[in-house]
Amino acid sequence: MEKQIQDADLLQRLTKYFLNQYKTKPQEFEQRLKFVLPYGCTLVNVFEGSIVLLIQASSTNALQDLWNKYENGQLNDALQNVLITDEVKAQVGAEEIAIDLEIKEDYYDCAMKKLQEFQLKGKYIRSCSNSCG
C-alpha cells in the first residue's frame, strides 16, 4: 500500500512538473518531442491525468510510423530518454522514473480511418480527437 501511495505522489509531482513546463516553456517542450515523434506528427496539447500528450498525425504514413514505433517499443524508449532527464528526477525527487506509454488501438484505428477518409477527399484533417475518443 505504501508503494502505491508513493507512486501516486510521484505521478502527481511529475504531472505537475510537465504541465508547468509545457505552459511556461511550450516551444522547448515541443522541441524535445520533435526529435522523438515521426515526421508528420506534432504535439497538440498536454493534459493532466497521468500525463496525456495529444499528438496529431498529418498523414496515414505518419500515423502508421507512430504506431509502429509504439508497438516495437521505440517510442516508449525515446520518450523515456527525452523526457526523463536527471533534472526532471531531481525536480520531482525521484531516483528512477519509468514511462509506461499507452496508445489505445481503437484510437489508432479511428484516427487511421478518419485520415484515410480525408485523404480520399483531398482534405487536411486538423484533429479527430472529438470523434475518436
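Here are some notes on this predicted model, from the overall fold down to a few residues.

1. Overall layout. The protein has six helices and two strands. Reading along the sequence, you get α-α-β-β-α-α-α-α. Of its 133 residues, 34% count as buried. Taking contacts between residues at least 6 apart in sequence, 53% join residues at least 24 apart.

2. The main core. The largest nonpolar core holds 30 residues, and the members that touch the most others are Phe18, Phe29, Leu33, Leu63, Leu83, Val92 and Ile97. Two or more residues each come from α1 (2-24), α2 (26-34), β1 (41-48), α3 (60-71), α4 (74-83), α5 (86-92) and α6 (105-121). The top contributor is α1, with six residues.

3. Phe29 as a place to start looking. If you skip its neighbours within four places in sequence, Phe29 is in contact with Phe18, Gln21, Tyr22, Leu43, Val46, Leu53 and Leu83. Phe29 is also one of the residues that touch the most other members of the largest nonpolar core. Several of the points below come back to residues on its contact list.

4. Which residues of α2 are buried? They are Phe29, Arg32 and Leu33. These three cover an arc of only 95° around the axis, so they sit on the same side of α2. Turn to the other side of the helix and you find Gln27 and Lys34 exposed. Note that Arg32 is in the buried set together with Phe29 and Leu33.

5. The buried face of α4. Here the buried residues are Leu75, Asn76, Leu79 and Leu83. Looking down the axis of α4, they fall within an arc of 100°, so they line one face of the helix.

6. Gln21, a buried glutamine. Gln21 is in helix α1. Its relative accessibility is 9%, and since the cut-off for buried is under 20%, Gln21 counts as buried. Not counting residues up to four places away in sequence, Gln21 touches Pro26, Glu28 and Phe29.

7. Leu53 and the strands. Leu53 is in strand β2 (residues 51-57). Is Leu53 buried or partly exposed? At 25% relative accessibility, Leu53 counts as partly exposed, because buried would need a value under 20%. Leaving out neighbours within four places in sequence, Leu53 is in contact with Phe29, Leu33, Leu43, Asn45 and Val46. Leu43 is 10 residues away from Leu53 in sequence, and their C-alpha atoms are 6.9 Å apart in space.

8. The second largest pocket. Its volume is about 160 Å³. The lining is made of Gln27, Glu30, Gln31, Leu33, Lys34, Leu37, Cys41, Thr42 and Leu43. The elements that give two or more residues to this lining are α2 and β1, and α2 has the largest share, with five residues. By type, the lining divides into four nonpolar, three polar and two charged residues.

Key. Residues are numbered from 1 along each chain as its sequence is written. This is a predicted model: local features need pLDDT of at least 70, side-chain atom pairs count only at pLDDT 80 or more; totals for chains, interfaces and linings use all residues. Side-chain values use heavy atoms; hydrogens and water are left out. A nonpolar core is a set of buried Ala, Val, Leu, Ile, Met, Phe, Trp, Tyr and Cys residues joined through side-chain atoms within 4.5 Å. Buried means under 20% relative accessible area, exposed over 50%, partly exposed in between (1.4 Å probe, protein chains only). Helices (H or I, at least four residues) and strands (E, at least two) are DSSP runs, numbered from the N terminus. Contact means heavy atoms within 4.5 Å. The arc is that of the directions from the helix axis to the C-beta atoms. On a 1 Å grid over the protein atoms alone, a cavity is a set of points where a 1.4 Å probe fits but cannot get out, and a pocket is an open set with protein on both sides within 12 Å along at least five of seven lines; lining residues have an atom within 4 Å of a point. Grid points are joined across faces, edges and corners, and a volume is the space filled by probe spheres set on the points. Ala, Val, Leu, Ile, Met, Phe, Trp, Tyr, Cys and Pro count as nonpolar, Asp, Glu, Lys and Arg as charged, and the others, Gly among them, as polar.
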